[in-house]
Amino acid sequence: MTRLLAVFFWVLAITTAIAFIVHPIWLPELVSAEGVEVDSQLIFTLEIAGVAFVAAHLLLGAFLWRFGRRRPGPALYWHEDSRFEITWTIVTAIVFVGLGLQGSRIWAREYLTDAPANALTIEVMGQQFAWNFRYPGPDGKFGRTRPDKVSDADGNYIGLDDSDPAGNDDIMTQNIIAVPVNRPVKLIVRSRDVLHSFFVPVLRFKQDAVPGMGIPVHFTATKIGEYEVACAELCGMQHYKMRARFLVMSDADFNAWLKARSAQ
Amino acid sequence: MQHTAVHAAPRSFIRRYIFSTDHKVIGIQYILLGLFSAILGTTLSMMMRMRLAWPNLATPFLAHLFPTGFPGGVMSPEFYLSLLTLHGTIMVFFLLTTVPLSGFGNYILPIQLGARDMAFPVLNMLSFWATFAGLMVLLSTLFIQGGPPISGWTAYPPLSALGQIAGPGEGKGQTIWIISIAIFCLASLLTALNFITTTLNMRTRGMSLMRMPLTVWAWFTAATVALLAFPVLLGGAILLLLDRLAGTSFFLAAGMVVSGKLVPNSGGSPILWQHLFWFFGHPEVYIIILPGMGITSHIISTFSRKPIFAYRAMVIATFSIGFIGFIVWGHHMFASGMSPLAGMVFSVLTLTVGVPSAIKVFNWLATLWGGQIRCTASMMYALGFVSFFVSGGVTGLLLAQPAIDVYFHDTYFVVAHFHMIMGLAAVFGIFAALQFWFPKMFGRYMSEGLGKLHFWITIIGVYSIFIPMHFLGMAGAPRRYAQFTEFTYLAKLQPLAVHISWAAFITGAAQLILLFNIFWSMRFGKKAPANPWQATTLEWVIPSPPPHDNFGDVDPVVYRGPYEFSVPGAPEDFTLQTEPTTGGAD
């Protein structure tokens, strides 16, 4: 039975490795400039994880195979060996912490820096169970909002305060967001009720939407097309259908789209 | 040191088996409570898998049982969320925390230390009955209007703080859930106190700290972690209860508009709950997994007929995991809006906790090297533990990096990761412990054949469920979705969801073999001697099952370390801890 178990661990290691190498299902298409580094770090870490997984199971199998049969003489009376212990402690520490520092560099570049000055700012406001988006309009400024102005019946989902002139040209959409291709976009993520999470798989990030906070996050979309926004934080009964369309457009198309929206 | 008064076993059925203060009876009570929780929690997960595979399937039988959860005979999305909440809560608290620590720990720890009972036997009884009450309170949510809460086992506010307005189950159901968790926290605190005191004060003569079995180290460390972690959850639970019932705003920000109504609260932060919850929640996964690690070390050493490799390093690793486990909680919050700088610190610390974990795997492998391996069912389960611990552990390397985690967070990749490393690894630890100590507890062996059959179906089944589940995560499928039909990128993944469900049904059904093995063996199993596995620690010195006062009038004296197998020149390939070093016989 020990040898059967050894074979099982080998088969497990090899079939899993093959499944990940062939991968019939994989990461969705990548549509962001910032995601390139994320993907390469993800694949690199996955390779290291894969090597560790395969090596551990091959060794486990090998030891079971070799020492699973009764043989003459007692088992080894072996308590410790500091050479081995020090070596594998140091090697593991270097690999693990090294990965952490490398990953932190990518994180810092994205999250500890502000969006470029030419970034287009869009406000995201989650609500049960829809995504609201707001563009500042030609004046580049968002109008003031007040929670007591929120009225779903009037379509004022975010509570725009009509006494603030800066809000007159704000453009609002629900469940559809468009961005120009190859231009940095800064999102300010908010929620008006419970937690939500703004998740665009093709951009490789999600950001929780938290009531009381406006959390900045930025990206640059690199490929024209239509994609999807999902909600990734449990927000209630219809969490599974909280979806928005995510459109990446050429500059001209984007401006026309925005214009058509502002006319509404 | 140890109290010397020897009490006779209580005579009445109620004092002996129900309100018992005997650590052995209490241990078995915890294990039975865990078994009940496991059956329930697994059934709930089967119902969830049913909906995930076939969202429109009409199930007249279940609709009859839960009329409000199945409008038109089909499970509603909110009922799916209730199942998810109950499944997580039952499994994490009432199975995975309860059985490895309170169950096996209660039964075995005092005996392995050479004590007659826990330090506080009455407290011990109270802990068990409080845990039982906590479970009953939780299950009562199934029978109230609105049903169980829908906010998951993490109960993030505002969803969990708003009341009925946030959905069915968020009324009374959520309040009762919080009360249940608070009771569980109190029970766990008392248990932790008992374990720590017993370990420090009740050791028999010669049982120095560095002669304690690694199981004791693991239970001791887990209890210390529990003592420091559960109060934080208890505090958080009380604050959440106040937000719900007393109009406070610990977790509620100003200006929230819920279901079209402006909520009057102001000044709180929903993220505060996440900090409190995960300050408990991350150490909690170590409370769950440390006893499994101890059991695995114990069993691998026994059935390799070798001393555990690097005992001292194992003790240090156990403690390091417990300690570092307290300063990594932020890795659950990379996408939460927490400071990105804090994210970097938590990331590096999280990868650091991987080091002592990896050391344990190396030491288990080194223990196998040069052994005379005996492939018993409990050894197979312990090796299964190692396999799951590795398989679930390596994906931690990805999730610990915030840049990668903001893609994987709250997807099935995380679900696969934690089910392997703390769910199934810990469950295999339980299987191993059960098969290993069953002869001690009941004086009869569990069937080895049935154990091995159960092992094979379960390990193949579990890998067939969770390796494919990683691919759902790679594709970006969010967890906690009642169905995949609303997104084009998710609809493509449906065949994989169906495959996972079938694998889950087969694996779930195979657990009946284990149930049968347990109850059949209690009555008809082969009779076991005092030391059926030729092992070395104190539980094997006394009869199977042990008498009420374990060692009777004479305290055992310990002369050597816990894993003295194949000592050169010794007459057998195992040397009991009570064997005098001089070799003199009496």
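His23(A) counts as exposed because it has 11 C-beta neighbours inside 10 Å; a residue is exposed if 12 or fewer other C-beta atoms lie within 10 Å of its own, buried if 20 or more do, and partly exposed in between, with C-beta atoms placed from the backbone. In this predicted model, local features need pLDDT of at least 70 and side-chain atom pairs count only at pLDDT 80 or more, whereas totals for chains, interfaces and linings use all residues. Residues are numbered from 1 along each chain as its sequence is written, and chains are lettered from A in the order in which they are written.

His23(A) lies in the loop between α1 and α2 of chain A; helices (H or I, at least four residues) and strands (E, at least two) are DSSP runs numbered from the N terminus. The phi of His23(A) is near 30 degrees, a positive value in a residue other than glycine. A positive phi near 60 degrees is also found at Ala310(B), in the loop between α8 (270-304) and α9 (311-324) of chain B. Ala310(B) is buried because it has 23 C-beta neighbours inside 10 Å. Most residues other than glycine have a negative phi, and most peptide bonds are trans. The peptide bond from Gln128(A) to Phe129(A) is cis, with omega near -5 degrees, and Phe129(A) sits in the loop between β1 (120-127) and β2 (130-135) of chain A. In chain B, the bond from Ser544(B) to Pro545(B) is cis, with omega near -10 degrees; Pro545(B) belongs to the segment after α17 (494-524).

Chain A is divided into domain 1 (2-68 + 82-111) and domain 2 (120-263), with bounds from an automatic or database domain assignment. The contact between them takes 10 residues from domain 1 and 11 residues from domain 2, two residues being in contact if their C-beta atoms, placed from the backbone, lie within 7 Å. On the domain 1 side, five residues are nonpolar, two polar and three charged; Ala, Val, Leu, Ile, Met, Phe, Trp, Tyr, Cys and Pro count as nonpolar, Asp, Glu, Lys and Arg as charged, and the others, Gly among them, as polar. The centres of the two domains, taken over C-alpha atoms, are separated by 37 Å.

The contact between the chains takes 89 residues from chain A and 97 residues from chain B. Elements giving two or more residues to the chain A side include α1 (2-22), α2 (35-67) and α3 (82-111), and α3(A) contributes the largest share, 18 residues. By class, this side has 56 nonpolar, 18 polar and 15 charged residues.

The largest nonpolar core has 270 residues, of which Ala222(B), Ala425(B) and Ala432(B) touch the most other members. Such a core is a set of buried Ala, Val, Leu, Ile, Met, Phe, Trp, Tyr and Cys residues joined through C-beta atoms within 7 Å. Helix α14 (residues 412-442) of chain B gives the most to this core, with 22 residues. Domain 1 and domain 2 of chain A both give residues to the core, so it lies between them. Not counting residues up to four places away in sequence, the contacts of Ala425(B) include Ile289(B), Phe385(B), Phe388(B) and Met420(B).

Helix α4 (residues 77-113) of chain B has 37 residues and should span 54 Å at 1.5 Å a residue; its end C-alpha atoms are 50 Å apart, which agrees. The expected span is 1.5 Å times one less than the number of residues. A kink of about 55 degrees lies at Thr98(B), shortly before the proline Pro100(B), the bend being the angle between axes fitted to the seven residues ending at a residue and the seven starting there. Of the 37 residues of α4(B), 35 are buried. Just after α4(B), Gly114(B) takes a positive phi of about 80 degrees. The buried residues of α5(B), among them Met125(B), Phe128(B) and Leu135(B), pack against α2 (23-53), α4 and α6 (172-201) of chain B.

Leu234(B), in helix α7 (residues 214-245) of chain B, counts as buried because it has 20 C-beta neighbours inside 10 Å. Arg374(B), in the loop between α10 (340-368) and α11 (377-394) of chain B, is partly exposed, with 17 other C-beta atoms within 10 Å. Not counting residues up to four places away in sequence, Arg374(B) touches Phe303(B) and Met379(B).
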